[in-house]
Amino acid sequence: TGPSDLYATGQGGIILEYKGTEWAVMSPSGSNRYFAIWGAGGKLFVAGMDGYMQGLLAVHDGSWSAVDLGDDPPILNGLWGSGPDDVYAVGDFSTILHLKNGQWSRVELPVANPELEMLYAVHGSAADNVWVTGSHGRLIHHGSQWAVPDTYEEAFFRAIWAVDENTVYAAGSEGRVWGYHDGQWAQEDAGVPEDKKIHALWGTAEGEIFAAGETGIIRRRLP
């Protein structure tokens with residue numbers, strides 16, 4: 001959440017916290033696996049799956065508390081919010097959960113077979129510019145409402161980053177990076193081999209983008 005307030009997590013249920021001088025264990029290891037972490041306004045959110053292969057979502061606001069996801073919750077893969085009370089969690093079976101006014105609710109997407117869709121990433125530049133992506137080349141956008149403006153069946157997106165409403169990047173299988181500029185998506189050459197997956201995207205407000213993937217691959221795109 002800042003240069004002296006960093007968090008890291010992953011397999012084994014461990015969460016590490018950095019406060020400017022050194023890393024420390026915030027949450028001990030266990031059977032949980034966390035696939036996403038995000039925070040703002042003093043709150044920290046983690047999402048993933050538990051030891052029984054069921055989805056989990058937890059919030060730290062002074063202490064840890066689990067969000068009740070109901071029976072047989074789907075695995076959750078991505079987190080992002082425009083603020084501590086406007087947060088999205090996305091996951092398997094077209095799952096999009098939205099925190100607003102202190103309550104979590106499920107977003108119903110306009111797709112034909114939601115049980116076949118796996119969503120892996122969510123990011124936005126504002127509350128009215130949120131992008132979600134995943135399997136089957138889905139690119140899902142929330143502006144004034146949820147819509148599926150584009151689908152690229154040959155793509156399998158694992159990461160997305162929205163610079164602003166006119167500039168968005170998505171990446172995933174076969175080393176592919178797609179760029180959205182002024183209303184149009186197009187594939188871009190990131191110099192990543194086709195046999196490598198890109199797992200993460202990160203960028204700056206000025207439009208500098210970093211892509212990271214298998215075997216330590218890192219690519220940088222200047223504005």
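This is a predicted model: local features need pLDDT of at least 70, side-chain atom pairs count only at pLDDT 80 or more; totals for chains, interfaces and linings use all residues.

Student: OK, so where does Trp202 fall, buried, exposed or partly exposed?
Tutor: Trp202 has a relative accessible area of 48%, so it's partly exposed.

Student: And how many aromatic pairs does the structure hold?
Tutor: Twelve. Take Trp131 and Tyr180: their ring centres are 5.2 Å apart and the planes sit at 55 degrees, so that pair is tilted.

Student: Which strands do those two lie in?
Tutor: Trp131 is in strand S13 and Tyr180 is in strand S18, so the pair ties together parts 49 residues apart in sequence. Both Trp131 and Tyr180 are buried.

Student: What about Trp161 and Trp202, how far is it centre to centre?
Tutor: 6.0 Å, with 50 degrees between the planes, and that pair is tilted. Trp161 sits in strand S16 and Trp202 in strand S20, 41 residues apart. Trp161 counts as buried, at 14% relative accessibility.

Student: Switching topic: is His123 buried or exposed?
Tutor: Buried, because its relative accessibility is 9%. His123 is in strand S12.

Student: What lies 2.9 Å from a polar atom of its side chain?
Tutor: The backbone nitrogen of Ala162. Leaving aside neighbours within four places in sequence, His123 also contacts other residues, including Trp80, Trp131 and Trp161.

Student: Last one: which ring does the charged end of Arg158 sit over?
Tutor: The ring of Tyr120, 5.7 Å from its centre.

Terms used: Residues are numbered from 1 along each chain as its sequence is written. Side-chain values use heavy atoms; hydrogens and water are left out. Helices (H or I, at least four residues) and strands (E, at least two) are DSSP runs, numbered from the N terminus. Buried means under 20% relative accessible area, exposed over 50%, partly exposed in between (1.4 Å probe, protein chains only). A polar contact is a pair of N or O atoms within 3.5 Å; within protein, one must be able to donate a hydrogen and the other to accept it, and residues adjacent in sequence count only if both atoms are side-chain atoms. Contact means heavy atoms within 4.5 Å. Rings of Phe, Tyr and Trp (its six-membered ring) pair if their centres lie within 6.5 Å; planes under 30 degrees apart count as stacked, over 60 as edge-to-face and the rest as tilted. A charge sits over a ring if NZ of Lys or CZ of Arg is within 6 Å of the ring centre and within 35 degrees of the ring normal.
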